[in-house]
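Please consider the following model alongside its sequence. The explanation is intended to be read with both in view.

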Amino acid sequence: MRFVCDQMLGKLAKYLRILGFDAAYAASRAALDRYRTHEGDRVLLTRRKGASRFAKTVHINSEITREQLREIKALVKPAVSANAVFGRCIECNVELIEADKMDIEPLVPEFVYHHYTRFKICPSCKRVYWEGSHTSGMTALLEEMLS
Ligand SMILES: [Zn+2]
């Protein structure tokens, strides 16, 4: 299941990426039109009312991310793959790759380098992820999402 989030749902897109989903963010009407033309199989998540020409559209009511996640929980939860969780860059929507500890030394704080053994890197923006690099607030929200 792939998603595209419209203007008002950028934060929700990031949470979907943490869960491992390909969740694009359309920052403008034109970007959304491009996704509809080329990747119309994505599920559109939107706060706008009215019809859309995506194969499936889910209207989100709340302005609060935590509530938005609750609104889509029934749809999303069965599709979560444990292997994919924390496997995607939250900024770029790109799948992370395993990184050698040696290679990421200059890219992370010294404390992190010494306290963690497994690292992943985004091939696009070079951001490094490790166990614990997501805030505890985020993790709690995701646990709630998956419980
Ligand atoms: Zn990235």
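The paragraphs below treat a helix pair, the nonpolar core and several individual residues.

The model is a predicted one, in which local features need pLDDT of at least 70 and side-chain atom pairs count only at pLDDT 80 or more, while totals for chains, interfaces and linings use all residues. Residues are numbered from 1 along each chain as its sequence is written. Helices (H or I, at least four residues) and strands (E, at least two) are DSSP runs, numbered from the N terminus.

Two packed helices are described by the angle between their axes and the distance between the axes. Helix H1 (residues 10–18) packs on helix H3 (residues 65–76) at an angle of about 60 degrees, and their axes are 10 Å apart. Axes here are lines fitted to C-alpha atoms, for helices over the stretch in contact, and angles run from 0 to 180 degrees between N-to-C directions. H1 and H3 are therefore oblique to each other; angles under 35 degrees count as roughly parallel, over 145 as roughly antiparallel, 65 to 115 as roughly perpendicular and the rest as oblique. On the H1 side Lys11, Leu12 and Tyr15 meet Thr65, Gln68 and Leu69 of H3, where contact requires C-beta atoms, placed from the backbone, to lie within 7 Å. The residues of this contact divide into three nonpolar, two polar and one charged. In this division Ala, Val, Leu, Ile, Met, Phe, Trp, Tyr, Cys and Pro count as nonpolar, Asp, Glu, Lys and Arg as charged, and the others, Gly among them, as polar.

H1 is mostly covered, with seven of its nine residues buried. A residue is buried if 20 or more other C-beta atoms lie within 10 Å of its own, exposed if 12 or fewer, and partly exposed in between. The buried residues of H1 include Leu12, Ala13 and Leu16, and what covers the buried residues of H1 includes E1, E2, E3, H3 and helix H6 (136–146). Just after H1, Gly20 takes a positive phi of about 100 degrees.

The largest nonpolar core has 34 residues, of which Phe3, Cys5, Leu12, Ala13, Leu16, Leu45 and Val128 touch the most other members. Such a core is a set of buried Ala, Val, Leu, Ile, Met, Phe, Trp, Tyr and Cys residues joined through C-beta atoms within 7 Å. H1 gives the most to this core, with five residues. Not counting residues up to four places away in sequence, Val128 touches Ala99, Ile104, Leu107, Val108, Phe119 and Ile121.

Val43 is found in strand E3 and counts as buried because it has 21 C-beta neighbours inside 10 Å. Its C-alpha atom is separated by 8.4 Å from that of Cys5, 38 residues apart along the chain. By contrast, Asn61 in the loop between strand E4 (56–59) and H3 is exposed, with 9 other C-beta atoms within 10 Å.

Most residues other than glycine have a negative phi, and most peptide bonds are trans. Phe86, although not a glycine, has a positive phi of about 65 degrees. Phe86 lies in the loop between H3 and strand E5 (97–99) and is buried, with 20 C-beta neighbours inside 10 Å. For Lys126 phi is near 70 degrees, also a positive value in a residue other than glycine. Lys126 belongs to the loop between E6 and E7 and is exposed, with 12 other C-beta atoms within 10 Å.

Terms used. Two residues are in contact if their C-beta atoms, placed from the backbone, lie within 7 Å.
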